[in-house]
Amino acid sequence: MTPTASIHGGASWAIVITLGILWIGLGMLWGRKARDSEGFMLAGRNVGLALGSATAMATWVTSNTTMIAPLLAFEKGIWGMFAYASASFGLMLFAPLAFRIRRLLPAGFGSGDFFRMRYGRTGWAVFLIITLIYSIAWLVTMAIAGGKLLEAVGGIPYVHGMTLILVVCVLYTLFGGLHAVIGTDFIQSLVILIGIVFIGAVVAVNVDIPSIHRHIAREQPALLDVMMPAALLAIFNNMLFGFGEVMHNNVWWSRAFAMRARIAPKAFFLSGLLWFPIPIAAGFIALAAGPLGVNVTDPSKVGPQVAEHVLGMAGFGGFASVVILIVLFCSIASSIDSLLAATSDLLVRDIYEGLLRRTLDPVRFRPVAATGIIAVASVAWLLALSGLAIDRVLFGAGPLVASLIWPVIAGLFWEKLNRHLVIAGMIAGCVTGLWSYFQVQTYTGALVGAAVSMAFTIIARFIAPKPLSVPSA
Amino acid sequence: MAAEPSPPSLSCDLPLRDGLPTSDDGTVRLHWQPGRSPDSGEFFRLEKSPDGSFRNPLVRYEGSDRSSVLSGLPEGDHHFRVRALSDDGTAGPWSASTTISVRFMDRHTLFALVGTGFLVASASVGAVIAGFIKTRKK
């Protein structure tokens with residue numbers, strides 16, 4: 001049946017507002033540590049292994065993990081579950097990159113610094129356009145997912161719920177900067193892990209796996225087809241999407257700079273390992289939708305819908321909805337805050353200081369940073385009013401980020417390159433990837449974008465290469 | 001005099017290929033609007049059949065929703081119809097049958113794209129590891 005709210009009105013508002021007050025309070029508390037811009041943006045560059053791993057994992061457990069991973073499993077079957085989990089390889093692969101990033105840019109702030117240094121102002125401008133479009137798209141998907149979740153589970157009207165979750169995240173990010181983001185991420189990651197293990201255990205105990213298999217084999221046989229084209233394509237498309245996202249986005253670069261130099265690679269690798277089973281568990285839940293007789297009307301809600309159904313069957317009743325609401329609220333907040341902070345840093349460093357050539361006062365930086373955070377959130381809120389399908393918005397942005405995989409790898413590890421060809425490859429990757437997304441198949445955009453950009457970058461190593469710029473001392 | 005009951009209307013939002021709504025991944029979203037019924041017909045039954053005769057139909061949904069997303073359909077044509085059911089079990093007339101085609105991507109294109117994906121992913125991992133080994137002491 002259609003998802004109807006199991007906890008109504010007052011109770012769901014109370015849960016969400018209590019969580020919101022908790023995060024904002026912690027944000028204000030931790031925000032006291034941020035005395036200058038470096039403390040606010042990079043948490044003093046002193047984050048250890050436990051906080052580092054937790055923040056990377058919690059940030060990667062987005063609404064997309066808890067809502068699109070089940071959608072992929074529901075629509076693409078067994079391969080769909082692994083397709084989303086393949087995004088963990090991006091986190092693991094970022095471990096050696098983080099090591100190199102800290103060596104190459106010991107005083108860096110974000111990925112914009114790297115693109116400006118290695119590819120000049122033109123390459124930096126292309127990167128800025130791509131990353132801003134992508135970051136806003138990612139933020140929009142999370143705001144939409146938050147609104148849909150609060151509507152489905154908590155009975156809060158879509159626009160109210162979507163606005164509420166954005167406002168809470170904006171407030172604690174404003175007060176605490178990256179200190180607050182990383183601190184709340186740690187708590188949120190614990191809540192997410194405990195919640196998912198609890199839900200997974202209840203599902204495993206209460207569903208009969210052989211009967212699920214029989215039902216799927218009879219009525220949804222394509223979900224078990226190892227040669228299902230869309231599912232096979234989703235594996236590589238999602239993996240490359242994950243590579244591109246992690247390698248280029250300031251969310252991850254700012255964490256690499258925020259962690260102690262020796263800690264960053266270990267933290268990224270560990271977070272990738274910890275994250276890998278989460279989309280598989282979330283996806284498995286969705287595979288049970290048909291066998292359990294759950295009518296799916298919006299595939300992006302299938303995960304929470306089936307989880308609620310099974311927990312209800314197990315006798316947890318309204319408690320089930322409370323658990324799901326808290327876990328998913330944490331997963332969404334842990335990513336929205338990170339993206340707000342990282343995108344605002346990018347606006348401050350690259351637009352305010354880089355493009356407008358203003359100098360940021362390291363002590364009186366807050367009004368500028370706050371303007372960045374509020375501007376990003378406002379744009380996301382306006383776009384999220386549409387309530388678009390989150391998978392369409394997210395995968396549509398895939399070609400853009402996948403086109404940056406090879407420019408990042410080459411810029412970090414190679415000494416000579418033809419910069420113009422690499423920049424041409426970024427643009428060609430975006431254009432051909434988007435064409436493929438719309439004209440060939442949804443799950444080919446990132447794949448084609450990455451392939452075209454890779455070809456240009458490899459050619460750029462051999463045709464008129466010039467030494468790349470190195471950071472000034 | 002009571003009006004004759006009219007059937008619900010059934011539709012889907014898939015793109016047309018060769019005149020048929022076509023899915024490339026076996027997922028279809030069906031939605032229906034109730035027709036005119038003496039008992040308002042708030043309860044619906046959705047059936048699927050491998051042929052247009054509906055001799056051995058499979059009930060895919062029974063309930064009050066007005067849409068359903070079905071996944072995992074194999075390649076081929078699939079026929080659907082829906083009818084309203086009243087509280088006392090009286091069934092209204094069937095909607096017109098809707099035929100949906102599931103056609104996966106052709107194998108040549110698939111292997112070319114999957115091969116490209118494998119190549120790009122492997123080359124990316126290889127380039128990162130090689131670059132790390134070469135530069136770690138610099």
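Reader: Where is Asp18(B) placed?

Author: Asp18(B) sits in the loop between β2 (16-17) and β3 (20-23) of chain B. Strands here are DSSP runs of E with at least two residues, helices are runs of H or I with at least four residues, and both are numbered from the N terminus. A word on the source: this is a predicted model, where local features need pLDDT of at least 70, side-chain atom pairs count only at pLDDT 80 or more, and totals for chains, interfaces and linings use all residues. Residues are numbered from 1 along each chain as its sequence is written, chains are lettered from A and ligands numbered from 1 in the order in which they are written, and side-chain values use heavy atoms, with hydrogens and water left out.

Reader: What makes Asp18(B) exposed?

Author: Its relative accessible area is 70%. Exposed means over 50%, buried under 20%, and partly exposed in between (1.4 Å probe, protein chains only), so Asp18(B) counts as exposed. Asp18(B) also has a positive phi, near 50°, in a residue other than glycine.

Reader: Which value makes Ala464(A) exposed?

Author: For Ala464(A) the relative accessible area is 53%, so the label is exposed. Ala464(A) lies in the loop between α21 and β2 (466-467) of chain A, and its phi is near 45°, again positive in a residue other than glycine.

Reader: Why is Ser271(A) called buried?

Author: Ser271(A) has a relative accessible area of 0%, which is under 20%, so it is buried. Its place is in helix α12 (residues 263-275) of chain A. Leaving aside neighbours within four places in sequence, Ser271(A) is in contact (heavy atoms within 4.5 Å) with Ser53(A), Ala56(A), Met57(A) and Leu91(A).

Reader: How far is the backbone oxygen of Phe268(A) from a polar atom of the side chain of Ser271(A)?

Author: The distance is 2.8 Å. A polar contact is a pair of N or O atoms within 3.5 Å; within protein, one must be able to donate a hydrogen and the other to accept it, and residues adjacent in sequence count only if both atoms are side-chain atoms. The 2.8 Å is therefore inside the distance limit.

Reader: How do you know that Arg60(B) and Glu219(A) meet in a salt bridge?

Author: Their side chains come to 3.6 Å, N to O. The rule asks for a side-chain nitrogen of Lys or Arg within 4 Å of a carboxyl oxygen of Asp or Glu, so this pair qualifies. Across the interface of chain B and chain A the rule finds two salt bridges, and twelve residue pairs are in polar contact, both at pLDDT 80 or more. On the side of chain B that touches chain A, the largest share, 19 residues, comes from α1(B).

Reader: How many residues of the two chains are in contact?

Author: In chain B 39 residues are in contact with 47 residues of chain A.
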